Amino acid sequence: MALNADDEDYNWEPPTEAEMKVIQARRERQDKISKLMGDYLLKGYKMLGECCDECGTILLQDKQKKNYCVACQELDSDIDKDNPALNPQAALSQVRERQLASSLQGNHAEPGTAHSDPSPSATVQPRPEHCEGAASGLRTAPFAIPNSTLSSSVLASSSPPLPANGPVPVFLNSSPPGAPSHSALDCAEDVLLQKLQWATRELQQSNSVESSIQLCNLLRSCAESLRSIKELQQL
Amino acid sequence: MNGSHPVDISILVQVAETLESIVSRCFGPHGGLVLFTKATGELLITRDGQKILSSLLLEQPIAKIIVHSAVAHCHVTGDGTKSFILLLAALLRGLRVMVMRETTRSTGRHGQHGLQLKLLSDHLLAFQTQVLDHIVRCHLRQCASSLFLSDRDCKVTRSNAKLLLEAYFYGKVGANHCQSLSTLACDYYLKCTGGDQCNEVVGFICDHFEELHTKVVGIPSSSSRILEGLVLHRDFTEYWPTEEELKILVITEPLQPPLVDASATLYLQSDQQLQSSCAWIHQRVQEILSRLSVSGVRLILSSVKQTDLVLYHAKLNRISVVECMDPEELSLFCSISGAAPVSPWDIFLDQPTHLAQAQFCKSILLGAHRYAHVGITSKSLCPQYCIVLCGPVSGLTIQCASAFHGAFKMLRQTLQPLESRYGPHETSENIELQNGIDCVVSSINVCPAEGEAYGGTDRVEQPRQCLARNLIPGGMHHSEPLHFHSCHVKEECCGDKLLEPHCTCNIGDATSIMKRTIELNAKSTGDNSLVINAQIDLIPSPTREEECLCTLIAPGSVFPVGGSFELLLHYHLLKYASHCLDPGTKAVCNLVANALLSIPRNIYTAGKSTRHFLHVYTKAMRDIQSEGRVRDGPKMLESVSCKYQLLISTLECMRSLICIDCFIVGTRRVSPPASP
């Protein structure tokens, strides 16, 4: 094939460590893609004749006729795994780290009075659902309420939307929240309290079981939101 | 979606690797089963490569080509779909490395792969025709053992057949059913052929396997057995048990004459005319059946439904009737027994001829169905036994039946001699010793003109016995110029002229040829005369020994299982590549040699660790270097010709794939061709 193969071979050097790692990583990625595609084919997916525009992997089609790229939608989320905006676990780990840092600081600064403060915040861990809510709040439209487990339709129809950037900036910014976010937190707190009062009134007046259940859910989520806001204010 | 999609080597590799990841889970003796959800929602649990690949939903044309080639290969040899995919994936991976290296080195531009791939496909063809055949003929043939007792006596020993079939079933159905199926297959083969090498019988079994076997569901597989005679997959409409010899009539039309023919019109003017017509019909039927009874016919096999009147009279005459038979089954019955379908008018007018002879005819209950069991007296060399295959579930039974069928296809392939498709086929009647021998120069090296002999002793092959008698001892002095017909002179980079192998040259004086390697001084167009060491293969004349030269792989050649064929071929290819001058052939040899290792690697890799494979590999290389064969392998055997066929099919599939530039997707559906 190559007529000058032998000449060029004299200039060849073995790849360096870094290059080897890159080659190895690429090979592993290819192997993973092949394995995933094989699994999907065995589940009944169809292999199409087209390739993905972004990564060049062959597209699969599931039974609902939806096209699916294995590399883009499954493998590349490895990079996003550390992005707290998109992953609740990452957000949780960041919050824990910050709490640990602040409790250490508090212990150094005011050993006496600070004990009571960090301990409730240390014992009450923000649950992943909150972080999940924060993450989904970032992903979806700003009208959705970040920390609520209810569907947004019930709330959006009845009340003005809460600002979505309430507790979220804490997870995004690495620096501690400054003055503007304090006012945002207070704002959020006020609105939540208003919502709580409204919901209590509605609950008194409601006749159907379904709406009562939903209002109780709303009350619970408002209370939880308030609790998290209080914790954030203490950070 | 319309449009043309360019095909790159990376797409080929991706498709091949995806299929490889599916197939490697169930490959080899330790492979597992694959759970597959079909489009209809039903589950399929199998390890049959052909079934898995055919069930995948693939719209990618490359994948469809690969699957089609693999399945077509399996139809011929009965096995090897998974090995095909593994080998193809390894070859394409190696190819991608070669192509990437080429483009980055030579032009630095990517996307010039098409030209390299086309060049490579030419080299592949040259590799198949020259190198592979040569290596198989010279090196691998010596290491293969034979299924037969001895060269002259072409009887297959029971133990050898059992080892071959055991290896096959181990890979096909796993360890559970391997023993029972291989014993059954061995018994069936020996019963049908009597141990002699009967390719026709095995071919007959392969072609008519559907009719020769019966699947029974709901009974444990240990109840599978061989039955004498033939089981007709229909129950009796009328049954009179007979144990003595009987004659059988085969008929494809209704025995009762119709009231009117299809093309004619019957005018009836009164009821009485109708009555008399019907009475005539009754009488005819009665006569026909009594004539049959007189001739000794006790069974009528009909492919159409007979009327009640016929059945009534058959009952009166004690004749059994089987109706609505499958046409294929009926034709099989006719070919085994020598009977032919008879027309009713022949019976009426004359004594019926072409009746089949049988020893018994009875009803048999297999599972939930009752069938007719007939013991045929066969004159021709046809199998007189049939198989009953049982299984607890229908999926397993179907799998065992197809494995059984594949085993016989593999046997047929093993017992046939494999001829070289590309070897010297000119059958010159007489080798003319007077005017010079037309010989085929199979490999040529070029050396400097100082008379320095080429040092590689590997090029000098041991002359085969059949050629020795044509070589006349004498001094080697040849001063006449060589006449080269139909050869190409190729420029090498260093300016030497390299003659393309397999050109024919006429060597003036036959008496001057002493040994296979001769030194010829030939004048090139340059100033220096070159010394050419040529290896001469004489074109064989059609005597028995020379037929061996054309036959690449003798019938009944087997190798021990576990990758010994691949390891041997790998070793010899690497050796050939190290001595080869042509860079294209060298690259292809290396490519194929490395790809061949993927099969034993998959056999011996347990989990992620390749330690066992490396151990086996180093030991095998050492053995081949010292003794020329692989020792201490598993005792079971596999067919050489199937393995060789696998390699050839894979190389041809790869060649057809790399020549594709792009595919165009159209909107109209093309109906798929009927499966063979």
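**View 1. A:Met47 stands opposite B:Leu58 in β4(B).** The model is predicted; local features need pLDDT of at least 70, side-chain atom pairs count only at pLDDT 80 or more, and totals for chains, interfaces and linings use all residues. Strand β4 of chain B covers residues 57–58. β1(A) and β4(B) run parallel, joined by 2 bridges. Two strands pair if DSSP finds at least two bridges between them. Helices (H or I, at least four residues) and strands (E, at least two) are DSSP runs, numbered from the N terminus. Residues are numbered from 1 along each chain as its sequence is written, chains are lettered from A and ligands numbered from 1 in the order in which they are written, and side-chain values use heavy atoms, with hydrogens and water left out.

**View 2. B:Glu59 and A:Lys46 meet in a salt bridge.** The N to O distance is 3.1 Å. A salt bridge is a side-chain nitrogen of Lys or Arg within 4 Å of a carboxyl oxygen of Asp or Glu. This pair crosses between chains. B:Glu59 sits in the loop between β4 and α3 (61–77) of chain B, and A:Lys46 in strand β1 of chain A. B:Glu59 is partly exposed, at 38% relative accessible area. Buried means under 20% relative accessible area, exposed over 50%, partly exposed in between (1.4 Å probe, protein chains only).

**View 3. A:Asp39 forms a salt bridge with B:Arg25.** Their closest N and O atoms are 2.8 Å apart. A:Lys35 joins A:Asp39 and B:Arg25 in a network of salt bridges. Between chain A and chain B the count is 2 salt bridges.

**View 4. Chain A meets chain B through 26 residues of chain A and 32 residues of chain B.** Contact means heavy atoms within 4.5 Å. The interface also holds 10 residue pairs in polar contact, both at pLDDT 80 or more. A polar contact is a pair of N or O atoms within 3.5 Å; within protein, one must be able to donate a hydrogen and the other to accept it, and residues adjacent in sequence count only if both atoms are side-chain atoms. On the side of chain A that touches chain B, α2(A) gives the most, with 9 residues.

**View 5. A:Glu189 forms a salt bridge with A:Lys230.** The closest N and O atoms are 3.2 Å apart. A:Glu189 lies in helix α10 (residues 179–205) and A:Lys230 in helix α11 (residues 209–234) of chain A, so the pair ties together parts 41 residues apart in sequence. A:Glu189 counts as buried, at 13% relative accessibility. A:Lys230 is partly exposed, at 41%.
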